[in-house]
Amino acid sequence: MNLLDNLKETYRQGNVAIRLIFINVAVYLTLQLVQILLRLFIINGEGLFEWLALPASFYQLLYHPWTLLTYMFLHKDLFHLLFNMIALYWFGKLFLMYNTGKQLTGLYLLGGIAAGLLYMLFYNLFPLFQGMTGFSVLMGASGSIMAVIVATAMQAPNMELRFFLLGNVKLKYIALVAVLISLFSITSSNAGGEIAHLGGALYGYIFIVSLR
């Protein structure tokens with residue numbers, strides 16, 4: 001069995017978290033290859049990301065409605081992709097101990113939509129961001145993953161993960177620290193991403209409350 005067959009079999013037998021990771025990686029690799037091809041013809045490929053990333057402007061969203069979905073599978077930087085997929089793997093695996101694959105898919109997608117909408121709301125509501133609304137975009141799975149982290153922590157708050165140097169840490173503290181970091185960073189250089197994290201966290205909370 002060659003590498004391609006192994007990947008197909010892993011995707012087929014893997015859980016929803018694995019499949020979401022495959023999709024994110026496939027999108028990243030495809031866009032990287034397309035960009036390389038465009039560079040060979042001296043064509044700027046940045047427009048690809050602008051076409052798929054979520055704009056801060058509601059007016060621009062009217063002309064690119066698909067970006068409310070595509071942005072959460074879009075990564076420009078390898079380390080951004082790597083860290084997000086590691087988090088999705090571990091917390092997705094824990095989430096599936098208590099929930100179905102269909103619920104994880106819904107949480108990822110709807111958490112990402114909630115994250116994107118909160119990002120757009122902040123950028124159109126607060127004066128700090130209004131000068132950036134015309135050119136700011138959002139990309140990455142972080143908002144969706146934050147929804148998974150918060151939902152998992154609410155269902156198993158006292159479950160522990162072991163971290164290097166820190167030892168065992170309960171999920172409720174991991175989620176709390178993640179939310180607080182984003183909350184105190186909404187005026188930073190990565191304000192859009194941090195706001196999206198809060199939107200995802202809020203949806204993760206609502207998801208579990210609705211289940212109860």
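Where is Asn99 found? Asn99 sits in the loop between H6 and H7, and this is a predicted model, in which local features need pLDDT of at least 70, side-chain atom pairs count only at pLDDT 80 or more, and totals for chains, interfaces and linings use all residues. Residues are numbered from 1 along each chain as its sequence is written, and side-chain values use heavy atoms, with hydrogens and water left out.

**View 1. Asn99 in the loop between H6 and H7.** Element labels come from DSSP runs, numbered from the N terminus: helices are H or I with at least four residues, strands are E with at least two. Asn99 is buried, with a relative accessible area of 9%; buried means under 20%, exposed over 50%, and partly exposed in between, using a 1.4 Å probe and protein chains only. The side chain of Asn99 gets to the backbone oxygen of Phe95 at 3.1 Å, and a 2.4 Å polar contact ties the side chains of Asn99 and Gln155 together. For a polar contact, take a pair of N or O atoms within 3.5 Å; within protein, one must be able to donate a hydrogen and the other to accept it, and residues adjacent in sequence count only if both atoms are side-chain atoms. Setting aside residues up to four places away in sequence, Asn99 touches Gln155 and Leu211, where contact means heavy atoms within 4.5 Å.

**View 2. Helix H6 and its packing partners.** With 18 residues, H6 should span 26 Å at 1.5 Å a residue, and its end C-alpha atoms are 25 Å apart, which agrees; the expected span is 1.5 Å times one less than the number of residues. At the start of H6, a side-chain oxygen of Asp77 comes within 3.0 Å of the backbone nitrogen of Phe79. The buried residues in H6 are Leu81, Asn84, Met85, Leu88, Phe91, Gly92, Leu94 and Phe95. Those buried residues pack against helices H2 (16–40), H7 (101–125), H9 (142–155), H10 (171–183) and H11 (191–211), plus strand S3 (160–163).

**View 3. A nonpolar patch on the surface.** Leu78, Phe79, Leu82, Phe83, Ile86, Tyr89 and Trp90 make up this patch, and together they have about 720 Å² of accessible area. Areas come from the Shrake-Rupley method with a 1.4 Å probe, and for residues only the protein chains shown count as cover. Patch members need over 30% relative accessible area and no salt bridge; like charges are joined within 9 Å, and nonpolar side chains (Val, Leu, Ile, Met, Phe, Trp, Tyr) within 5 Å. Trp90, found in helix H6, counts as partly exposed at 45% relative accessibility.

**View 4. The salt bridge between Lys76 and Glu46.** The side chains meet at 2.5 Å, N to O. A salt bridge here is a side-chain nitrogen of Lys or Arg within 4 Å of a carboxyl oxygen of Asp or Glu, and by this rule the count comes to one. The pair links distant parts of the chain, 30 residues apart: Lys76 is in the loop between helix H5 (67–70) and helix H6 (78–95), and Glu46 is in helix H3 (residues 46–52). Lys76 is partly exposed at 39% relative accessibility, and Glu46 is partly exposed at 29%.

View 5. H9 is largely enclosed by the rest of the structure, because 13 of its 14 residues are buried. From first C-alpha to last, H9 reaches 20 Å, close to the 20 Å expected. Thr152, in H9, is buried at 1% relative accessibility. Leaving aside neighbours within four places in sequence, Thr152 is in contact with Phe91, Leu94, Phe95 and Leu171. Gly143, also placed in helix H9, is buried at 3%. With neighbours within four places in sequence again left out, Gly143 is in contact with Gly111, Ala115, Ala196, His197 and Gly200.

**View 6. Gln103 in helix H7.** Gln103 counts as partly exposed at 24% relative accessibility. Beyond its neighbours within four places in sequence, Gln103 is in contact with Phe95, Phe207 and Leu211. As for helix H11, 15 of its 21 residues are buried.

**View 7. Ile42 in the loop between H2 and H3.** Phi of Ile42 is near 55°, a positive value in a residue other than glycine. Most residues other than glycine have a negative phi. Ile42 is exposed, with a relative accessible area of 80%.
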